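Good morning, and thank you for joining.

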Amino acid sequence: MLRDFIVNGAKAPESMYRADAELKTGMAVVKDETTKSVDVTTEETVADIFFVDKERVPEGVDCARGDIPDYDDAFTVIKDGERLVLEKYHAGETFGTDQFKVDDFKEGTAIGTRVAFVNGIAIKATKPSQYIFKGLHNDNKHTLIKIEVSDTAVANA
């Protein structure tokens, strides 16, 4: 799941790419310009990161359902080859994702810890990063990590 907390609403999200594997909304990916696809990185990454989102439009039998929760697989799972929405966050913006390593960010983790991404999930950074941990957020009983984007990459102490 991906949630915007403080963002510039005038930005247009990127929507011309396809998933290179099954993904979940909120995962961190990098773009492949030659194939117009995205994939997660297997190495710790802090630059050129985009976050996967999906338009919440019911398909098939889901069209007959009433209210569908945001966390339903119909809205959070992106199939291999499916088009997706890419969000890029800039300095001063804050967002949340449920795609994070729980052991790295639990109650008591210091606010200001720098964040990196590997295999699509947020981890505690071992290299300078512009992404800053701002706490955990309870999103209707789902835990999200709040991340603020800085204009300066700094290493964890």
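Let us begin with Glu33 and Lys36, whose side chains meet in a salt bridge at 3.2 Å, N to O; the term denotes a side-chain nitrogen of Lys or Arg within 4 Å of a carboxyl oxygen of Asp or Glu. Salt bridges with shared partners join Glu14, Lys31, Glu33 and Lys36 into one network. Glu33 counts as partly exposed at 46% relative accessibility, and Lys36 is also classed as partly exposed, at 38%. Here, buried means under 20% relative accessible area, exposed over 50%, and partly exposed in between, with a 1.4 Å probe and protein chains only.

A word on provenance. This is a predicted model, in which local features need pLDDT of at least 70 and side-chain atom pairs count only at pLDDT 80 or more, while totals for chains, interfaces and linings use all residues. Residues are numbered from 1 along each chain as its sequence is written, and side-chain values use heavy atoms, leaving out hydrogens and water.

Lys36 has a further feature: its phi is near 55°, a positive value in a residue other than glycine. Lys36 is placed in the loop between β4 (28-32) and β5 (37-39); strands are DSSP runs of E, at least two residues, and helices are runs of H or I, at least four, numbered from the N terminus. Asn119 likewise has a phi near 55°, and is found in the loop between β10 and β11 (121-124).

The search of the whole structure finds eight salt bridges. Which parts of the chain does Arg3 tie together with Asp70? Arg3 lies in strand β1 (residues 2-6) and Asp70 in the loop between β6 (50-53) and α1 (73-76), so the pair connects parts that are 67 residues apart in sequence. The closest N and O atoms of Arg3 and Asp70 are 3.0 Å apart. Arg3 also forms a salt bridge with Asp139, at 2.9 Å. Asp139 lies in the loop between β12 and β13, 136 residues from Arg3. Asp139 counts as buried, at 12% relative accessibility, whereas Asp70 is partly exposed at 28%.
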